[in-house]
Amino acid sequence: MMLFVARVKGQSRQEKAAVTRRRMLDAAYELFCSDGYRPTTMEAIAERAGVAVQTLYFTFHTKDELFQEV
């Protein structure tokens, strides 16, 4: 029943999470390419992706882990 309700409202929780994860990876890629690894902060990536910095850390834990995913 809950899955049906989520789908009625639009995307499922998993679909929303995948879209958010993709936005974070895309933002990180753009900033790493334009500014370099060292000057790019997790705060800047979160801002570019439109998420809270805590969400970025919860998902990737460290900047190095995020860089490896990118």
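Tutor: The protein has 5 helices and 0 strands, where helices (H or I, at least four residues) and strands (E, at least two) are DSSP runs numbered from the N terminus. Read from the N terminus, the order of elements is α-α-α-α-α. This is a predicted model, in which local features need pLDDT of at least 70 and side-chain atom pairs count only at pLDDT 80 or more, while totals for chains, interfaces and linings use all residues. Residues are numbered from 1 along each chain as its sequence is written, and side-chain values use heavy atoms, with hydrogens and water left out.

Of the 70 residues in the protein, 24% are buried; buried means under 20% relative accessible area, exposed over 50%, and partly exposed in between, with a 1.4 Å probe and protein chains only. Contact means heavy atoms within 4.5 Å. Among contacts with a separation of 6 or more, 47% join residues 24 or more positions apart.

Start with α2 and α3. Their axes are 8 Å apart, and the helices pack at an angle of about 125 degrees. Axes are lines fitted to C-alpha atoms, for helices over the stretch in contact, and angles run from 0 to 180 degrees between N-to-C directions. That angle makes α2 oblique to α3, since angles under 35 degrees count as roughly parallel, over 145 as roughly antiparallel, 65 to 115 as roughly perpendicular and the rest as oblique. The crossing of α2 and α3 is right-handed; a crossing is right-handed if the near helix is turned clockwise from the far one by less than a right angle, and left-handed if anticlockwise. On the α2 side, R23, M24, A27, A28, E30, L31 and F32 meet A44, I45, R48 and A49 of α3. By class, this contact has 8 nonpolar, no polar and 3 charged residues. Ala, Val, Leu, Ile, Met, Phe, Trp, Tyr, Cys and Pro count as nonpolar, Asp, Glu, Lys and Arg as charged, and the others, Gly among them, as polar.

The loop between α2 (13–35) and α3 (42–49) holds T40. T40 counts as buried because its relative accessibility is 3%. Its side chain reaches the backbone oxygen of L31 at 3.2 Å. Leaving out residues up to four places away in sequence, T40 touches L31, F32, D35, I45 and K63.

Next comes α4 (residues 53–60), which packs against α3 at about 105 degrees with the axes 8 Å apart. The two helices are therefore roughly perpendicular to each other. M42, E43, I45 and A46 of α3 make the contact with V53, L56 and Y57 of α4, a set of 6 nonpolar, no polar and 1 charged residues.

Helix α4 also meets α2, with axes that come within 11 Å and cross at roughly 95 degrees. So α2 and α4 are roughly perpendicular to each other. Here R21, M24 and L25 of α2 face T55, L56, T59 and F60 of α4 in the contact, which has 4 nonpolar, 2 polar and 1 charged residues.

V70 counts as partly exposed because its relative accessibility is 38%. Its C-alpha atom is separated by 6.1 Å from that of Y29, 41 residues apart along the chain. Not counting residues up to four places away in sequence, V70 touches L25, A28, Y29 and F32.

Conventions. A polar contact is a pair of N or O atoms within 3.5 Å; within protein, one must be able to donate a hydrogen and the other to accept it, and residues adjacent in sequence count only if both atoms are side-chain atoms.
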